[in-house]
Amino acid sequence: MEIQVKSKFGYEVPDTRKSVPHIYSALNENSNGVYTYIEPKIIISSKRKWKKKLHLCVTLFLGLFIGIGLTIAGFLIFGSSSPTPPSINHYDNFESPSGNKTFTTPEKYEFRMVRCEIGNLPFKQNFLSFSVKACSDVYLVLTSEYDDEGPLIEIAIGLNGNTRSAIRTEKRGTNIVTFTRSFLNCRRFTRFWVSWKNQIIQVGMGLKENNREFMMMMDDRKLKIVNIGISTGRGTTGDWLFVKH
């Protein structure tokens, strides 16, 4: 027997109990003998799944938004982590912790002898570390007399427009050892160390002995170093800091 099935959406579906018996689980009979179609539960289930997916997407989006916000806030409050120091070890502050000594040299090639200020320890250790800020042409002499008139060793850094460094056996003498590289910075300090042991003169970067050496010279004169002088060349001043050991 064929019957008419009227759905809630206003369409009619011809049907028989034998051909599609499952539909009668979703049909109710009205008093006028016409069956009204009730939506299957599967559609309701699909709607619920869609709502769950929408809720999950909204939750994930809100979580991502909050996480980004917290990250930006943390960066603004605490700042980024300090970057790795440049390879030439520049730094900004000109501070003198207790025991360290600071000096300024004028735009003139004239040595200031500093043993009285820096003390005797470097001469016992045959090692000295210091920091300097200058655009070019800084000089340090290791002297065998208390002034700069006797036999000495001159270490020049930032010559020729801050492109070359050298070790010499007299003031502004012949370059015995040279190294080509820009080390100095007009606005920031650069750290160096110097050692004189067993007639070997060594110069390196940083504050620790034997770290990143870039110049070395053998000196067979067997000088006993008793004083240190510092200077800058014409056209540039220098700020110096000698580190306490």
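A salt bridge here is a side-chain nitrogen of Lys or Arg within 4 Å of a carboxyl oxygen of Asp or Glu. I started with that rule, then looked up what it picks out.

**Ground rules**

I noted that this is a predicted model, in which local features need pLDDT of at least 70, side-chain atom pairs count only at pLDDT 80 or more, and totals for chains, interfaces and linings use all residues. Residues are numbered from 1 along each chain as its sequence is written, and side-chain values use heavy atoms, with hydrogens and water left out.

**Entry 1: salt bridges**

Side chains of opposite charge can pair when their charged atoms come close. How many salt bridges does the rule give? I get 7 salt bridges.

Salt bridges link Asp148, Glu149 and Lys171. Within it, the side chains of Lys171 and Asp148 meet at 3.2 Å, N to O. This pair links distant parts of the chain, 23 residues apart. Lys171 sits in the loop between strand 11 (164-168) and strand 12 (177-180). Asp148 sits in the loop between strand 9 (138-143) and strand 10 (152-158). Helices (H or I, at least four residues) and strands (E, at least two) are DSSP runs, numbered from the N terminus.

Next I checked exposure. Buried means under 20% relative accessible area, exposed over 50%, and partly exposed in between (1.4 Å probe, protein chains only). Is Asp148 buried or exposed? Asp148 is buried, at 15%. Lys171 is partly exposed, at 30%.

Then I turned to Arg221 and Asp219. Their closest N and O atoms are 3.0 Å apart, in a salt bridge. Asp219 is buried at 7% relative accessible area, while Arg221 is partly exposed at 32%.

I also looked up Glu110 and Lys108. They form a salt bridge, with the closest N and O atoms 3.4 Å apart. Glu110 is partly exposed at 47%, and Lys108 is partly exposed at 46%.

**Entry 2: the sheet**

Two strands pair if DSSP finds at least two bridges between them. In what order do the 6 strands of the open sheet run? I read 7-16-9-10-11-12, with antiparallel pairing. Strand 7 (112-113) and strand 12 are the edge strands, each pairing on one side only.

I followed one pairing. Strand 11 and strand 12 run antiparallel and are joined by 4 bridges. Ala166 has Thr178 in strand 12 as its bridge partner.

**Entry 3: rings**

Rings of Phe, Tyr and Trp (its six-membered ring) pair if their centres lie within 6.5 Å; planes under 30 degrees apart count as stacked, over 60 as edge-to-face and the rest as tilted. I searched the whole structure and found 14 aromatic pairs. Phe103 and Phe242 form one that is edge-to-face, at 5.6 Å centre to centre and 80° between the planes. Phe103 lies in strand 6 (residues 101-105) and Phe242 in strand 17 (residues 238-242), so the pair ties together parts that are 139 residues apart in sequence. Phe103 is buried at 4%, and Phe242 is buried at 3%.

Which residues do ring pairs link into a cluster? I listed Phe103, Phe130, Phe179, Phe183, Phe192, Phe214, Trp240 and Phe242.

I then looked for charges over rings. A charge sits over a ring if NZ of Lys or CZ of Arg is within 6 Å of the ring centre and within 35 degrees of the ring normal. Arg115 lies over the face of Phe123, 4.3 Å from the ring centre. The charged end of Arg172 sits over the ring of Tyr109, at 3.7 Å from its centre.

**Entry 4: two backbone angles**

Asn162 has a phi of about 65°. Asn162 belongs to helix 4 (residues 159-162) and is buried at 9%.

Arg212 is not a glycine either, yet has a positive phi of about 55°. Where does Arg212 lie? Arg212 is in the loop between strand 14 (200-205) and strand 15 (213-218). Arg212 is partly exposed at 34%.
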